[in-house]
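Hi,

Here is the structure I promised to pass on. Please open it next to this email; my notes follow below.

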Amino acid sequence: AWCTSHYCQHVLRRDPIRGWLDSQPNAAGHGVARLSDLVPTLRSAGSAFPDARLGASGAGHVLTIALRGDARVVAALSLVRMAGETDFSDADCELARSIAPVLELAWRGAHAGLVQAPLPMLTPREREVVSLVIAGHGNKSIARLLGASPWTVKNHLRSVFRKMGVSNRTALCALMHAGRPFPT
């Protein structure tokens, strides 16, 4: 409670991260920003938050990932490094961009009552393949269990990925484990 009231009363109006998030509503892609990119004077200072009281906590660098849903920013995740550590690198930013879709899926699943995106219909065989993927089986194992070829399994997965709007097994598992109903 202290953190929320302190932030709203003393920091919100001049928070560069909040300003950046507010400027993101229709931006394409997955937004990632370092505090030092938003406030360039921090780069020359080495580290420190614009608000001395927050800097007193020992934090020195921030990397924020904007999470999107319904074509707008719906949440943000900020990673913080202690003062004295190095700032987040360009490679750190690329890694953050690569995990943003999975974080968005997790957010959607956690807020399923707020964000309702209809899931497409999967065939019975596609549902079997998804169940086996979630259980941790690889394509060859799934093929053996279903009496199909690995190429057939791969084609089923391509179809599932397209229908579910994901690009890989990890994102599919995140979507399915996020409490979403299994499409019928």
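Along the sequence, the elements of the protein chain run α-α-β-α-α-α-β-β-α-α-α-α-α. That comes to 10 helices and three strands. Keep in mind that this is a predicted model.

Some overall figures. The protein chain has 184 residues, and 36% of them are buried. Its accessible surface is about 10400 Å². Carbon and sulfur atoms hold 59% of that surface. Now take the contacts in the protein chain with a separation of 6 or more: residues 24 or more positions apart account for 59% of them.

Next, the loop between β3 (72–82) and α6 (90–110). A83 sits in this loop. The cut-offs are under 20% for buried and over 50% for exposed. A83 also pairs up in space with G58. The two are 25 residues apart in sequence, yet their C-alpha atoms are 5.7 Å apart.

On to the rings. The charged end of R81 sits over the ring of F88. The distance to the ring centre is 4.2 Å. How many aromatic pairs are there? The count is zero. The rule asks for ring centres within 6.5 Å.

Last, helix α8, which covers residues 139–146. S141, I142, A143 and L146 are buried there. Just after α8 comes G147, with a positive phi of about 65 degrees.

Best wishes

Terms used: Residues are numbered from 1 along each chain as its sequence is written. This is a predicted model: local features need pLDDT of at least 70, side-chain atom pairs count only at pLDDT 80 or more; totals for chains, interfaces and linings use all residues. Side-chain values use heavy atoms; hydrogens and water are left out. Rings of Phe, Tyr and Trp (its six-membered ring) pair if their centres lie within 6.5 Å; planes under 30 degrees apart count as stacked, over 60 as edge-to-face and the rest as tilted. A charge sits over a ring if NZ of Lys or CZ of Arg is within 6 Å of the ring centre and within 35 degrees of the ring normal. Buried means under 20% relative accessible area, exposed over 50%, partly exposed in between (1.4 Å probe, protein chains only). Helices (H or I, at least four residues) and strands (E, at least two) are DSSP runs, numbered from the N terminus. Contact means heavy atoms within 4.5 Å. Accessible areas come from the Shrake-Rupley method with a 1.4 Å probe; for residues, only the protein chains shown count as cover.
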